[in-house]
Amino acid sequence: MDEKLISKAVIRRLPRYYRYLGDLLDDGVERISSGELSNRMKVTASQIRQDLNNFGGFGQQGYGYNVRYLYAEIGKILGLNHTHNMIIVGAGNLGQALANYKSFENSGFKTVALFDVNPAVKGKKVRDIEIHMMNELSEFIPDHHVEIAALTLPKSEAVSVAEKLVDYGVKAIWNFAHTDLNLLLPEDVVVENVHLAESLMRLSYNLTTKKDSKVEEK
(Lines give C-alpha, C1' and ligand atoms only; values in the text may rest on other atoms or scores of the structure.)
Protein backbone atom coordinates (compact mmCIF):
# COMPACT_ATOMS: atom_id res chain seq x y z
CA MET A 1 0.00 0.00 0.00
CA ASP A 2 1.35 3.41 -0.99
CA GLU A 3 -0.16 5.92 1.42
CA LYS A 4 0.63 8.78 -0.96
CA LEU A 5 -1.94 7.39 -3.40
CA ILE A 6 -4.74 7.38 -0.82
CA SER A 7 -6.85 10.53 -0.94
CA LYS A 8 -7.45 12.72 2.10
CA ALA A 9 -11.19 12.16 1.62
CA VAL A 10 -10.73 8.42 2.19
CA ILE A 11 -8.62 9.05 5.29
CA ARG A 12 -11.29 11.42 6.64
CA ARG A 13 -13.90 8.67 6.28
CA LEU A 14 -11.87 5.97 8.08
CA PRO A 15 -12.67 7.19 11.62
CA ARG A 16 -16.35 7.21 10.68
CA TYR A 17 -16.16 3.58 9.51
CA TYR A 18 -14.41 2.73 12.75
CA ARG A 19 -17.13 4.41 14.82
CA TYR A 20 -19.98 2.70 13.00
CA LEU A 21 -18.30 -0.69 13.20
CA GLY A 22 -17.81 -0.16 16.93
CA ASP A 23 -21.53 0.52 17.27
CA LEU A 24 -22.27 -2.68 15.31
CA LEU A 25 -20.06 -4.66 17.67
CA ASP A 26 -21.89 -3.19 20.65
CA ASP A 27 -25.16 -4.29 19.04
CA GLY A 28 -23.86 -7.84 18.61
CA VAL A 29 -23.66 -7.72 14.80
CA GLU A 30 -21.10 -10.24 13.51
CA ARG A 31 -21.15 -9.54 9.78
CA ILE A 32 -22.51 -6.91 7.45
CA SER A 33 -22.69 -6.31 3.71
CA SER A 34 -21.53 -3.12 2.04
CA GLY A 35 -25.18 -2.44 1.20
CA GLU A 36 -26.28 -2.70 4.83
CA LEU A 37 -23.37 -0.57 5.96
CA SER A 38 -24.28 1.91 3.24
CA ASN A 39 -27.82 2.27 4.61
CA ARG A 40 -26.49 2.98 8.09
CA MET A 41 -23.77 5.43 7.09
CA LYS A 42 -25.51 7.14 4.16
CA VAL A 43 -22.47 6.44 1.97
CA THR A 44 -22.90 4.47 -1.25
CA ALA A 45 -21.95 0.80 -1.18
CA SER A 46 -19.56 1.33 -4.09
CA GLN A 47 -17.83 4.13 -2.16
CA ILE A 48 -17.38 1.86 0.84
CA ARG A 49 -15.90 -0.89 -1.32
CA GLN A 50 -13.59 1.58 -3.09
CA ASP A 51 -12.42 3.05 0.21
CA LEU A 52 -11.66 -0.32 1.78
CA ASN A 53 -10.00 -1.63 -1.37
CA ASN A 54 -7.28 0.96 -0.80
CA PHE A 55 -6.21 -1.18 2.15
CA GLY A 56 -6.93 -4.67 0.86
CA GLY A 57 -10.71 -4.92 0.65
CA PHE A 58 -11.43 -7.13 3.72
CA GLY A 59 -14.76 -8.42 2.34
CA GLN A 60 -15.81 -11.81 0.96
CA GLN A 61 -18.27 -12.13 -1.91
CA GLY A 62 -21.53 -13.55 -0.64
CA TYR A 63 -20.53 -13.01 2.98
CA GLY A 64 -19.81 -9.31 3.36
CA TYR A 65 -17.55 -8.02 6.11
CA ASN A 66 -16.65 -9.66 9.39
CA VAL A 67 -17.39 -6.74 11.71
CA ARG A 68 -14.89 -7.55 14.45
CA TYR A 69 -12.08 -8.23 11.97
CA LEU A 70 -12.76 -5.09 9.93
CA TYR A 71 -13.00 -2.98 13.09
CA ALA A 72 -9.62 -4.29 14.25
CA GLU A 73 -7.99 -3.79 10.84
CA ILE A 74 -9.20 -0.19 10.48
CA GLY A 75 -7.99 0.41 14.02
CA LYS A 76 -4.54 -0.77 12.96
CA ILE A 77 -4.62 1.46 9.86
CA LEU A 78 -5.48 4.42 12.11
CA GLY A 79 -2.70 3.47 14.50
CA LEU A 80 -5.11 2.77 17.35
CA ASN A 81 -3.43 -0.50 18.26
CA HIS A 82 -0.69 1.55 19.96
CA THR A 83 -0.82 3.91 22.92
CA HIS A 84 0.01 7.52 22.03
CA ASN A 85 1.12 9.75 24.89
CA MET A 86 -0.41 13.20 24.55
CA ILE A 87 -0.07 16.53 26.34
CA ILE A 88 -2.43 19.50 26.34
CA VAL A 89 -0.84 22.93 26.11
CA GLY A 90 -3.24 25.45 27.59
CA ALA A 91 -5.11 24.50 30.77
CA GLY A 92 -8.12 26.77 30.26
CA ASN A 93 -11.71 25.63 29.82
CA LEU A 94 -11.13 23.84 26.51
CA GLY A 95 -7.90 22.22 27.64
CA GLN A 96 -9.52 20.92 30.82
CA ALA A 97 -12.54 19.69 28.87
CA LEU A 98 -10.23 17.64 26.61
CA ALA A 99 -8.41 16.26 29.64
CA ASN A 100 -11.72 15.20 31.17
CA TYR A 101 -12.77 13.27 28.06
CA LYS A 102 -12.01 9.69 29.09
CA SER A 103 -13.00 8.15 25.76
CA PHE A 104 -9.72 9.27 24.17
CA GLU A 105 -7.94 6.67 26.29
CA ASN A 106 -10.18 3.91 24.93
CA SER A 107 -8.74 4.67 21.49
CA GLY A 108 -5.14 4.69 22.72
CA PHE A 109 -4.65 8.42 23.31
CA LYS A 110 -3.32 8.88 26.84
CA THR A 111 -3.18 12.42 28.18
CA VAL A 112 -0.16 12.47 30.48
CA ALA A 113 -0.03 16.18 31.42
CA LEU A 114 -1.37 19.68 30.87
CA PHE A 115 0.82 22.77 30.55
CA ASP A 116 0.09 26.43 31.24
CA VAL A 117 1.83 29.75 31.95
CA ASN A 118 -0.33 30.63 34.96
CA PRO A 119 1.60 29.83 38.17
CA ALA A 120 -1.69 29.73 40.10
CA VAL A 121 -2.60 26.38 38.49
CA LYS A 122 0.80 24.74 38.88
CA GLY A 123 0.48 21.30 40.45
CA LYS A 124 -3.30 21.21 40.23
CA LYS A 125 -4.93 18.20 38.64
CA VAL A 126 -7.66 17.59 36.11
CA ARG A 127 -8.90 14.01 36.45
CA ASP A 128 -5.60 13.07 38.13
CA ILE A 129 -3.64 14.68 35.27
CA GLU A 130 -1.21 17.26 36.64
CA ILE A 131 -0.80 20.78 35.29
CA HIS A 132 2.84 21.73 34.68
CA MET A 133 4.51 24.98 33.74
CA MET A 134 5.67 25.70 30.20
CA ASN A 135 9.33 25.77 31.18
CA GLU A 136 9.08 22.05 31.98
CA LEU A 137 8.19 21.08 28.40
CA SER A 138 11.73 20.52 27.14
CA GLU A 139 12.44 17.80 29.73
CA PHE A 140 8.95 16.36 30.08
CA ILE A 141 8.38 15.54 26.39
CA PRO A 142 11.38 13.24 25.85
CA ASP A 143 11.17 11.77 29.37
CA HIS A 144 7.54 10.73 28.86
CA HIS A 145 7.79 9.81 25.17
CA VAL A 146 5.15 12.35 24.17
CA GLU A 147 4.06 12.03 20.53
CA ILE A 148 1.04 14.34 20.37
CA ALA A 149 0.41 17.86 21.67
CA ALA A 150 -3.03 19.47 21.70
CA LEU A 151 -2.85 23.26 21.50
CA THR A 152 -5.67 25.07 23.31
CA LEU A 153 -4.06 28.47 23.64
CA PRO A 154 -4.43 31.94 22.04
CA LYS A 155 -3.50 32.13 18.35
CA SER A 156 -0.83 34.74 19.13
CA GLU A 157 1.16 32.05 20.94
CA ALA A 158 0.34 29.03 18.78
CA VAL A 159 3.13 29.28 16.20
CA SER A 160 5.99 29.88 18.63
CA VAL A 161 4.79 27.14 20.98
CA ALA A 162 4.33 24.69 18.09
CA GLU A 163 7.88 25.32 16.91
CA LYS A 164 9.22 24.60 20.41
CA LEU A 165 7.16 21.42 20.68
CA VAL A 166 8.63 20.13 17.43
CA ASP A 167 12.14 20.98 18.63
CA TYR A 168 11.46 19.00 21.81
CA GLY A 169 10.38 15.91 19.86
CA VAL A 170 6.59 16.11 19.38
CA LYS A 171 5.55 14.41 16.12
CA ALA A 172 1.88 15.44 15.88
CA ILE A 173 0.05 18.66 16.78
CA TRP A 174 -3.70 18.80 17.34
CA ASN A 175 -4.30 22.50 16.94
CA PHE A 176 -7.38 24.15 18.47
CA ALA A 177 -5.89 27.65 18.35
CA HIS A 178 -7.85 30.08 16.17
CA THR A 179 -5.30 29.95 13.36
CA ASP A 180 -3.93 27.45 10.86
CA LEU A 181 -0.43 26.30 11.69
CA ASN A 182 1.20 26.78 8.32
CA LEU A 183 4.69 25.98 9.52
CA LEU A 184 7.73 24.70 7.71
CA LEU A 185 7.83 21.37 9.50
CA PRO A 186 9.97 18.24 9.17
CA GLU A 187 8.40 15.56 6.97
CA ASP A 188 7.74 13.30 9.97
CA VAL A 189 5.65 15.91 11.82
CA VAL A 190 1.92 16.24 11.15
CA VAL A 191 -0.63 18.92 12.06
CA GLU A 192 -4.41 18.66 12.35
CA ASN A 193 -6.10 22.07 12.54
CA VAL A 194 -9.47 22.02 14.31
CA HIS A 195 -11.77 25.04 14.02
CA LEU A 196 -14.81 24.67 16.26
CA ALA A 197 -16.22 28.04 15.20
CA GLU A 198 -16.20 27.02 11.52
CA SER A 199 -18.17 23.88 12.35
CA LEU A 200 -20.72 25.98 14.23
CA MET A 201 -20.96 28.39 11.29
CA ARG A 202 -21.67 25.49 8.91
CA LEU A 203 -24.39 24.38 11.30
CA SER A 204 -25.80 27.90 11.31
CA TYR A 205 -25.78 28.01 7.50
CA ASN A 206 -27.69 24.74 7.23
CA LEU A 207 -30.14 25.86 9.89
CA THR A 208 -30.72 29.18 8.12
CA THR A 209 -31.11 27.49 4.73
CA LYS A 210 -33.75 25.10 6.06
CA LYS A 211 -35.66 27.97 7.68
CA ASP A 212 -35.58 29.96 4.44
CA SER A 213 -36.78 26.98 2.40
CA LYS A 214 -39.76 26.50 4.72
CA VAL A 215 -40.68 30.17 4.37
CA GLU A 216 -40.59 29.83 0.57
CA GLU A 217 -42.82 26.73 0.70
CA LYS A 218 -45.50 28.70 2.51
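The exercises below, with worked solutions, concern a predicted model.

**Exercise 1. Determine whether the span of helix 8 agrees with its number of residues, and find which of its residues are buried.**

Step 1. Helix 8 covers residues 155-168, which is 14 residues. The expected span is 1.5 Å times one less than the number of residues, so 20 Å should result.

Step 2. The end C-alpha atoms of helix 8 are 20 Å apart, in agreement with that expectation.

Step 3. The buried residues in helix 8 are Ala-158, Val-161, Ala-162, Leu-165 and Val-166. An α-helix has 3.6 residues a turn, so residues three or four places apart point the same way.

Step 4. The cover over these buried residues includes strand 3 (84-89), helix 7 (137-143), strand 7 (148-151) and strand 8 (172-175).

Step 5. As for direction, helix 8 lies across strand 3, strand 7 and strand 8, and runs at about 170° to strand 7. Just after the helix, Gly-169 has a positive phi of about 120°.

**Exercise 2. Give the strand order of the open sheet and identify its edges.**

Step 1. The sheet has seven strands in the order 5-6-4-3-7-8-9, and the pairing is mixed.

Step 2. Strand 5 (125-126) and strand 9 (190-193) each have a single partner strand, so they are the edges, and one side of each has no neighbour in the sheet.

Step 3. Ala-172 has Val-190 in strand 9 as its bridge partner.

**Exercise 3. Count the aromatic pairs and classify the pairs Phe-115/Phe-140 and Trp-174/Phe-176.**

Step 1. With ring centres required to lie within 6.5 Å, the count is six aromatic pairs.

Step 2. For Phe-115 and Phe-140 the ring centres are 5.3 Å apart and the planes are at 80°. Planes over 60 degrees apart count as edge-to-face, so this pair is edge-to-face.

Step 3. Phe-115 belongs to strand 4 (residues 109-116) and Phe-140 to helix 7, so the pair links parts of the chain 25 residues apart. Both Phe-115 and Phe-140 are buried.

Step 4. For Trp-174 and Phe-176 the centres are 4.7 Å apart and the planes are at 65°, so this pair is edge-to-face too.

Step 5. Buried means under 20% relative accessible area. Trp-174, at 23% relative accessibility, therefore counts as partly exposed, and Phe-176, at 15%, counts as buried.

Step 6. Ring pairs also join Trp-174 and Phe-176 with Tyr-101 and Phe-104 in a cluster.

Note on methods. Residues are numbered from 1 along each chain as its sequence is written. This is a predicted model: local features need pLDDT of at least 70, side-chain atom pairs count only at pLDDT 80 or more; totals for chains, interfaces and linings use all residues. Side-chain values use heavy atoms; hydrogens and water are left out. Helices (H or I, at least four residues) and strands (E, at least two) are DSSP runs, numbered from the N terminus. Buried means under 20% relative accessible area, exposed over 50%, partly exposed in between (1.4 Å probe, protein chains only). Contact means heavy atoms within 4.5 Å. Rings of Phe, Tyr and Trp (its six-membered ring) pair if their centres lie within 6.5 Å; planes under 30 degrees apart count as stacked, over 60 as edge-to-face and the rest as tilted. Two strands pair if DSSP finds at least two bridges between them. Axes are lines fitted to C-alpha atoms, for helices over the stretch in contact, and angles run from 0 to 180 degrees between N-to-C directions.
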